[in-house]
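Trainee: I would like to learn how to read a model like this one, feature by feature. Where do we begin?

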Amino acid sequence: MRLLVVINGHSRAGAARAEAALTELRSAGFDCQVLSAGSRDEVGPWIARHAPGAAGVVAVGGDGTANAAAPGAVAAGLPFGLIPAGTANDLARTLGIPVEPKAAARVIAQGGLRAIDLGEVNGRLYFNVASLGLSVDLARRLDRETKRKFGRFGYWIACARVLFGARPFRAVIAADGEIMRVKSLQIAVGNGRFYGGGLAVEHSAQIDDGCLDLYSLEFAHPWKLLAIAKDFLVGRHGLWREVRVRRAQKVEIRTRRRRAINADGEIIARTPATFLIRREALKVFTPVDAEEAASHAGRSRRERQFDHANEWSGVR
């Protein structure tokens, strides 16, 4: 069986993790065809050329590498595997994939598959969260050198710098037809659960629940975000009255001037933007026990939406 393995060519950590993972996969009987990608633009065409007869696509890297490889896997109808080797590894956290490369490779070798949703913004796919405002400034400040030197702590260093210069912007949001005019520091539309190095977009969000989770941060003073940092970690920031939340299947956002949109750590679109949910768009190799846990914990989408509506009825 042949796997198409995409490695972030700019990451020394990714190369080291890839070597360990490739050894494990080959010992499990896989033939691994490898691309060390210098840019995301070369990933899709490479997958398309080599997809016939392949058993799957494997990304070795962080959320940005996974984002670059996902469209090719979707187009080819191939299952997707992940060897986490990034700074945040939020997709791996959402899916319960271990960060140790040999353990992650064994997840692929075991063959457990889970169909997950993908978010879409202006035709571009994403796993975790797409957002505009603070997150874009953060992505621009969190350069490769900062990641290399500080790892996950680099997020918090960059966050402090971004908050210092944050300014709100005006936007019009339509969530399943409901029109909202806002003045916001950040608007985020989540498909998965985790983003930004372990923050939760919404505490009950699942990557296969058929819904997008939206929030808008409408604080007068950016530094008040520090007061709700703990709630961001568990996805309960929507309990604050300055945080507008909605659950929808289609979201549209318009701004006075065009604004960049960050998804999975990469700038991939600009406003005006339309966000959609792509139901069960991709099958992903996940731990069998994690899949069973999700199944046991997985109430129906209707039940989760009912709980969500009840919880947000009380705000701080």
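**Loops, a helix pair and the backbone**

Mentor: Begin with a loop residue: Glu242 sits in the loop between helix 9 (229-234) and strand 14 (243-248). Keep in mind that this is a predicted model.

Trainee: Is Glu242 buried or exposed?

Mentor: The cut-off for buried is under 20% relative accessible area. Glu242 has 18% relative accessibility and therefore counts as buried. Leaving out residues up to four places away in sequence, Glu242 touches Ser216, Leu217, Glu218, Phe219 and Lys224.

Trainee: Where is His237 found?

Mentor: His237 belongs to the loop between helix 9 and strand 14. His237 counts as buried because its relative accessibility is 1%.

Trainee: Which residues is His237 in contact with, and which backbone oxygen lies 3.2 Å from a polar atom of its side chain?

Mentor: Apart from neighbours within four places in sequence, the contacts of His237 are Ala200, Val201, Tyr215, Ile228, Asp231, Phe232 and Val243. The backbone oxygen is that of Val201, 3.2 Å from a polar atom of the His237 side chain.

Trainee: Now a helix pair. At what angle do helix 1 and helix 5 pack?

Mentor: Helix 1 (residues 12-27) and helix 5 (residues 101-110) pack at about 40°, and their axes are 8 Å apart. The two helices are therefore oblique to each other. Helix 1 passes helix 5 in a right-handed crossing. On the helix 1 side, the contact is made by Arg17, Ala20, Ala21, Glu24 and Leu25; on the helix 5 side, by Pro101, Lys102, Ala105, Arg106 and Ile108.

Trainee: Which residues of helix 5 are buried, and what do they pack against?

Mentor: The buried residues of helix 5 are Pro101, Ala103, Ala104, Ala105, Val107 and Ile108. They pack against helix 1 and also against strand 1 (2-8), strand 3 (56-61), strand 4 (80-84) and strand 18 (273-285).

Trainee: What is found at the ends of helix 5?

Mentor: At the N-terminal end, Glu100 caps helix 5, with a side-chain oxygen 3.1 Å from the backbone nitrogen of Lys102. Just after helix 5, Gly111 has a positive phi of about 80°.

Trainee: Which residues other than glycine have a positive phi?

Mentor: Asn89 is one of them, with phi near 55°. Asn89 lies in the loop between strand 4 and helix 4 (90-95), and counts as buried because its relative accessibility is 14%. Asp264 also has a positive phi, of about 55°, although it is not a glycine. Asp264 lies in the loop between strand 16 (260-263) and strand 17, and at 6% relative accessibility Asp264 counts as buried.

Trainee: Which residues does a cis peptide bond join?

Mentor: Look at omega: for the cis bond joining Thr271 and Pro272, omega is about 0°. Pro272 is in the loop between strand 17 (266-270) and strand 18.

Trainee: How many helices and strands does the protein chain have, and what share of its residues counts as buried?

Mentor: The protein chain has eleven helices and 18 strands. Of its 316 residues, 53% count as buried. For contacts between residues at least 6 apart in sequence, 72% join residues at least 24 apart.

Technical notes
Residues numbered from 1 in each chain as written. Predicted model: local features only at pLDDT ≥ 70, side-chain atom pairs only at ≥ 80, totals over all residues. Heavy atoms only, no water. Axes fitted to C-alpha atoms, helices over the stretch in contact; angles between N-to-C directions. Helix = DSSP H or I, 4+ residues; strand = E, 2+ residues; numbered from the N terminus. Parallel < 35°, antiparallel > 145°, perpendicular 65-115°, else oblique. Left-handed = near helix turned anticlockwise from the far one by under 90°. Contact = heavy atoms within 4.5 Å. Buried < 20%, exposed > 50% of the residue type's maximum accessible area, 1.4 Å probe, protein only. Polar contact = N/O pair within 3.5 Å; in protein donor to acceptor, adjacent residues only side chain to side chain.
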